Amino acid sequence: MATPKKPTPQNSAPSADTVRILAALKSYRAYKQEIDRSFLINEDWFRSRHWKYIKGGTKPIGHEPTTPFILNAVCKKIAYEL
């Protein structure tokens, strides 16, 4: 008489707990990707590399400022003259 086979992980259906844990892991990974993306955007803003987010997909018009100093100087000069 043949002995019955024990279920192995390859041929058995996942339990309810496993499905729930995998769904939570998938949700965690998606949320972590969003946090990492926002972290990189904030880091680029801090380092004044934010023009790619401001322009989007438009063509470059010319040289983009790499520091906010010139922009602030022009804005203050215009505000002072008003």
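First, the ground rules. The model is predicted, with local features requiring pLDDT of at least 70 and side-chain atom pairs counted only at pLDDT 80 or more, while totals for chains, interfaces and linings use all residues. Residues are numbered from 1 along each chain as its sequence is written, and side-chain values use heavy atoms, with hydrogens and water left out.

On to confidence. pLDDT is the predictor's confidence in each residue, from 0 to 100. The protein chain averages 78, and 71% of its residues score at least 70. Helix α1 has the highest confidence, with a mean of 92, and helix α2, residues 51-55, has the lowest, at 72. Where pLDDT is low, the predicted coordinates should not be read in detail.

Now the layout. The protein chain has three helices and zero strands, so the pattern along the sequence is α-α-α, where helices (H or I, at least four residues) and strands (E, at least two) are DSSP runs numbered from the N terminus. Of the 82 residues, 4% are buried; buried means under 20% relative accessible area, exposed over 50%, and partly exposed in between (1.4 Å probe, protein chains only). The chain exposes about 8,300 Å², with 64% of that supplied by carbon and sulfur atoms. Those areas come from the Shrake-Rupley method with a 1.4 Å probe, and for residues only the protein chains shown count as cover.

Helix α1 runs over residues 16-46, which is 31 residues. From first C-alpha to last it reaches 45 Å, close to the 45 Å expected at 1.5 Å a residue; the expected span is 1.5 Å times one less than the number of residues. After α1 comes Ser48, with a positive phi near 60°.

Which salt bridges does the structure hold? There are two, a salt bridge being a side-chain nitrogen of Lys or Arg within 4 Å of a carboxyl oxygen of Asp or Glu. One joins Asp17 to Arg20, with the closest N and O atoms 3.6 Å apart. These residues are three apart in α1, about one helical turn. Asp17 is partly exposed at 48% relative accessibility, and Arg20 is exposed at 54%. Another joins Asp36 and Lys32 at 3.1 Å, N to O. Both of these residues lie in α1, four apart, again about one turn. Asp36 is partly exposed at 35%, as is Lys32 at 36%. An α-helix has 3.6 residues a turn, so residues three or four places apart point the same way.

Also in α1 is Asp44. Is Asp44 buried or exposed? Asp44 counts as buried, at 12% relative accessibility. Leaving out residues up to four places away in sequence, Asp44 touches Arg49, His50, Lys52 and Tyr53, where contact means heavy atoms within 4.5 Å.

Last, helix α3. It has 13 residues and reaches 18 Å between its first and last C-alpha, close to the 18 Å expected. The count of buried residues in α3 is zero. Phe69 is found in this helix, residues 69-81, and is exposed at 62% relative accessible area. Together with Ile70, Val74 and Ile78, Phe69 forms a nonpolar surface patch of about 420 Å² accessible area. Patches are made of residues with over 30% relative accessible area and no salt bridge; like charges are joined within 9 Å, and nonpolar side chains (Val, Leu, Ile, Met, Phe, Trp, Tyr) within 5 Å.
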